[in-house]
Amino acid sequence: MNKKILIASAFLAAATMVSALTTWSGPNGDYRVTTDMDDGNDQSGYWYSYDDQPDKGSSTITWPVATGNEYDDSALDPIIDHCGGLCGNVSIGAGNNYPFAGVGFNLTGPDQTGGDVSGWGGLCVTYTSSIAFKVELGPENEATYTEYNNYTAKQKVSATKTTVNLAWSDFKQESGWGVTVAQGEYLGKVAAIKFKFGNQKAGESGEFNIMEVGEYGKCPGAGDNAISAPVAASSVKAMLSGRTLSFSGINSVAAAEVINLQGQVV
């Protein structure tokens with residue numbers, strides 16, 4: 001074979017390779033998220049918790065059972081076994097001007113080198129939570145890249161198991177602080193997916209359970225409770241609270257149907 005053709009074929013193959021996020025399921029006992037981006041150290045996709053205590057805060061997550069496995073005392077495997085997901089009680093404490101605590105996983109490895117997630121189309125999450133939180137896309141070198149003003153999508157309280165489908169257009173940076181980065185560039189440098197309980201008033205607390213995480217539209221676990229955020233530039237938002245489905249951003253007459261996984265209008 002002609003060497004030029006062989007080289008061109010190799011470049012074409014590399015250009016068409018797209019990383020995939022295998023849907024993580026707590027009820028299935030998955031301890032690790034398969035991201036297809038591991039940096040070769042076989043350490044990507046493990047869940048961890050974090051909080052503001054290194055920054056003089058006092059926010060905490062209290063787990064229902066002890067953490068740890070034979071390799072790591074902080075491993076969250078026992079939590080996943082106990083809850084069918086990642087569940088705990090988060091308490092927002094005093095001491096930091098912007099208190100927070102949360103859970104997350106790295107896409108490539110503990111060094112948090114960024115990867116390209118643009119092909120995922122967005123994220124799906126199945127959860128319950130008695131306290132509002134944000135799904136956060138943590139970039140590489142966030143201290144200088146965004147000065148911690150990362151792209152986030154706010155999620156509301158839900159007492160019942162609910163799935164949300166979040167298109168990348170649902171993720172926004174805040175205005176007035178940090179460094180603004182174009183989303184197209186940003187999606188090529190995402191290092192971690194985080195679930196952040198923060199910017200709450202000190203003293204607030206609540207329980208949560210993160211049960212599924214996957215690419216947009218690929219979380220099957222919520223059944224009839226699944227909601228999809230509108231795609232593209234629409235300003236319409238769908239919100240589910242208990243058994244009440246509401247919409248905002250509709251400026252003219254509109255009709256909506258709710259369809260379950262069997263294709264039935266409910």
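Good morning, everyone. I'll start with the rings: there are 14 aromatic pairs here, counting Phe, Tyr and Trp rings (for Trp, the six-membered one) whose centres lie within 6.5 Å, with planes under 30 degrees apart called stacked, over 60 edge-to-face and the rest tilted. One of them is Phe133 with Phe197, a tilted pair at 5.4 Å centre to centre and 45° between the planes. That pair links distant parts of the chain, as Phe133 belongs to strand 7, Phe197 to strand 10, and 64 residues separate them.

A quick word on what you are looking at. This is a predicted model, in which local features need pLDDT of at least 70 and side-chain atom pairs count only at pLDDT 80 or more, while totals for chains, interfaces and linings use all residues. Numbering runs from 1 along each chain as its sequence is written, and side-chain values use heavy atoms, without hydrogens or water.

Back to our pair. Phe197 has a relative accessible area of 0% and Phe133 has 3%, so both count as buried (under 20% relative accessible area; exposed is over 50%, partly exposed in between; 1.4 Å probe, protein chains only). The two also belong to one aromatic cluster, together with Trp24, Trp47, Trp63, Phe105, Tyr127, Phe195 and Phe208.

Now the core. The largest nonpolar core has 45 residues, where a core means buried Ala, Val, Leu, Ile, Met, Phe, Trp, Tyr and Cys joined through side-chain atoms within 4.5 Å. Trp47, Leu86, Leu123, Leu137, Phe171, Phe195 and Ile210 touch the most other members. Strand 10, residues 190-198, gives the most to this core, with four residues; helices (H or I, at least four residues) and strands (E, at least two) are DSSP runs, numbered from the N terminus. If you click on Phe171, you'll find contacts (heavy atoms within 4.5 Å) with Leu123, Val135, Leu137, Tyr151, Thr152, Ala153, Leu166 and Gln183, leaving out residues up to four places away in sequence.

Which strand do I want you to look at next? Strand 11, residues 205-215, has nine of its 11 residues buried, so the rest of the structure largely encloses it. Strands pair when DSSP finds at least two bridges between them. Strand 6, residues 122-129, runs antiparallel to strand 11 with seven bridges, and Leu123 has Glu215 as its bridge partner there. Strand 4, residues 86-91, is also antiparallel to strand 11, over six bridges, with Leu86 partnered by Ile210.

Finally, charges. How many salt bridges are there? The count is six, taking a side-chain nitrogen of Lys or Arg within 4 Å of a carboxyl oxygen of Asp or Glu. Lys134 and Glu174 are joined at 3.2 Å, N to O, across 40 residues, from strand 7 to the loop between strand 9 and helix 4. Lys134 is buried at 13%, whereas Glu174 is partly exposed at 33%.

Lys194 does two things. Its salt bridge goes to Glu142, with the closest N and O atoms 3.7 Å apart, and both residues are buried. Lys194 also lies over the face of Tyr50, 5.3 Å from the ring centre; here NZ of Lys or CZ of Arg must be within 6 Å of the centre and within 35 degrees of the ring normal. Lys196 does likewise over Phe100, at 4.8 Å. Lastly, Arg32, Asp38 and Asp42 form a network of salt bridges.
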